[in-house]
Every structure is written in C-alpha cells, then in structure tokens.
Amino acid sequence: LVTSTDVEAARHRLALPSDGAKAGLAPDREPAYVAGFWETDHLVSSPALDQAAARARLRDFAAAFPGAPGVDLLTCDLELRANHAALAAKRCEAALSKDKEASRAYFLLGLIAARAHRDTVAEQRLRSAILLDPEDPSAWRALAQVYRATGAKARLGELDDKHRVLFSAPLPD
C-alpha cells in the first residue's frame, strides 16, 4: 500500500517539486523524469563510478529536463564523488533554490559541511534531510557520525531515541 507520505518522500528524493510545472515538468512528463532520474542516479551512485559515462548520461538528462532541480542534484552528487566540494555545494544549493524539499540536496550539503568540520551547518542540513525523508537511513547515519566525531553524546542519545520511537530500531551504523 502506497500512502501520500510515501509519494511525498519519493518526490523529495527525486527533487521533483509538488508543483513540477514551475520547474518545467508538466505532469505528463513526470514519469519520463522519474525514469531518467533513476537511470542517471544508477550511474552516478555506482560503486564502480565511470565518470565519463555518468557525465554523458547526466548531459542527456539535463537536455531532456533543462532547469529541473534533479539535474542540479545529480550534478552535485557527481561532483562530490569527484571531490569537487565547492562545485558540488553550488549545485546542491541550485537544486534547493528550485525545490526547497529536495531531501538529498540537504543530505549532500550536510556531508560537505561535515567534511569541512562545519558541524553546526552539517547538523542543520542533515536534520532537514531527516525531516523531509525520515525513511532514508543515510542522513540518520551521517548525523550520528557528526555527533560521535564531536563528542555530542547527549544529542546522539536523543537522535537514537527519536529513531527508536519512529522505527522501533536503533540508529543505523
């Protein structure tokens, strides 16, 4: 059974705004956008990342959906994987300027901030990602790592408590 909450979380993951038409995504184009996003994401997120193939697929996705926040989001992810943090951050911010509910953009910005030891910013971004998409364990895990690295035991305990209440399970490792 798919609920409206599930649909909203999926839209947040895909950087597909509730009003996609504002981002140039007419409702009849949304299925093609979703398919294109996942195809591109598969290449970008591959453990054996082929930068050239991912960039080529990303160019095709951008050509099909110019101005879509998902293009910026996937570019952010690819640039972060290529260790281009400043460029990645710009592209994630661009995704958020088009879709304030793009949970993965918050997650990636949280990772960028954590790597730069900007712990307060990392915490804010990761908390935003969790708020928008609580089912995604990545942001929970990353925020727990920030708390462990900074010795914030009370905050880590609170986060674990919250996770246990929502999912009847401890924080993911």
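Let me begin with Tyr-33, which is buried, at a relative accessible area of 0%; buried here means under 20% relative accessible area and exposed over 50%, with partly exposed in between (1.4 Å probe, protein chains only). The model is a predicted one, in which local features need pLDDT of at least 70 and side-chain atom pairs count only at pLDDT 80 or more, while totals for chains, interfaces and linings use all residues. Residues are numbered from 1 along each chain as its sequence is written, and side-chain values use heavy atoms, leaving out hydrogens and water.

Tyr-33 and Phe-37 both lie in helix α2, four residues apart, about one turn of the helix; helices are DSSP runs (H or I, at least four residues) numbered from the N terminus. Phe-37 is buried as well. Tyr-33 also forms an aromatic pair with Phe-65, edge-to-face, at 5.4 Å centre to centre and 90° between the planes. By definition, rings of Phe, Tyr and Trp (its six-membered ring) pair if their centres lie within 6.5 Å, planes under 30 degrees apart being stacked, over 60 edge-to-face and the rest tilted. Because Phe-65 sits in the loop between α3 and α4, this pair ties together parts that are 32 residues apart in sequence. Phe-65 is buried too, with a relative accessible area of 6%. Ring pairs link Tyr-33, Phe-37, Trp-38, Phe-61 and Phe-65 into a cluster.

Now to the helix itself. The buried residues of α2 are Glu-30, Tyr-33, Gly-36, Phe-37, Thr-40, Asp-41 and Val-44. Seen down the helix axis, they fall within an arc of 130°, so they line one face; the arc is that of the directions from the axis to the C-beta atoms. On the other side of α2, Pro-31 and His-42 are exposed.

Terms used
Helices (H or I, at least four residues) and strands (E, at least two) are DSSP runs, numbered from the N terminus.
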